[in-house]
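Morning, everyone. A quick look at confidence and salt bridges today. Let's bring up the structure.

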Amino acid sequence: MPDYLITGVGGQGTVLASKMIAAAAINSGFNVRTTETIGMAQRGGSVVSHVRVGDVIYSPMIPLGRADALIAFEPIEAARCLPYLSDRGKLIVCDTAVGTEQADAGQVLDYLRYSVPGAVILPGERIKALSARTLNVTILAAAAEYGMFPFGAEALKTVITSLIPQRYWEMNNLAFGMGREIYSEIVGRH
């Protein structure tokens, strides 16, 4: 069964994203184990969440080279976590770097494209046009549309109402639809 590594920086909703994947997997009848590693700073520091789905899971930590999917909210963090991705693993990443490392984002994206043929690079400007606060939901929806999960996109969408406060449901449902749409457009161009 699949192992997912979700990465970003503090404030991007990495932990919430892992909770959404875990809840959708549990609701679909799977066993799940999760854990997070959070950097020194709550905002702006590295955040990595491990989500393991399977019948028998001995540890919540994904060993190096074993992740089936890397879902990255930021390209620099994707590059840092790339050693966890298996040779056949899938990568989906937002193209917009956060903070002072923005100048290096183009080179990092080239490295990611080279390292993971078929990597899906999502346009951060378009995602953030709706709201930067829903970047995580938008990228998860694109990952669901990509077929990364052993459950459908609707299973993931239904956990929005159980994990996100009601006042944000409409915005996150719009973000979810946008993520699916953006992924379909990107695949249609290739």
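**Confidence, then salt bridges**

This is a predicted model. Mean pLDDT for the protein chain is 91, and 93% of its residues reach 70 or more. Where is confidence highest, and where is it lowest? The highest is strand β4, residues 67-72, with a mean of 98. The lowest is helix α4, residues 124-130, with a mean of 87. Keep helix α4 in mind.

Now the salt bridges. The count is seven.

Start with E77 and R80. They form a salt bridge, with the closest N and O atoms 2.4 Å apart. Both sit in helix α2, residues 75-81, three residues apart, so about one helical turn separates them. Are the two partners buried or exposed? E77 has a relative accessible area of 3%, so E77 is buried. R80 is partly exposed, at 44%.

Next, R126, back in helix α4. R126 is partly exposed, with a relative accessible area of 29%. What does R126 pair with? One partner is E181, at 2.8 Å from N to O. E181 lies in helix α8, residues 169-189, so this pair ties together parts 55 residues apart in sequence. E181 is partly exposed, at 42% relative accessibility.

Another partner is E185, with the closest N and O atoms 2.4 Å apart. That pair also links distant parts of the chain: R126 in helix α4 and E185 in helix α8, 59 residues apart. E185 counts as partly exposed, at 32%. Through shared partners, R126, E181 and E185 join into one salt-bridge network.

Notes
Residues numbered from 1 in each chain as written. Predicted model: local features only at pLDDT ≥ 70, side-chain atom pairs only at ≥ 80, totals over all residues. Heavy atoms only, no water. pLDDT = per-residue confidence, 0-100. Helix = DSSP H or I, 4+ residues; strand = E, 2+ residues; numbered from the N terminus. Salt bridge = Lys/Arg side-chain N within 4 Å of Asp/Glu carboxyl O. Buried < 20%, exposed > 50% of the residue type's maximum accessible area, 1.4 Å probe, protein only.
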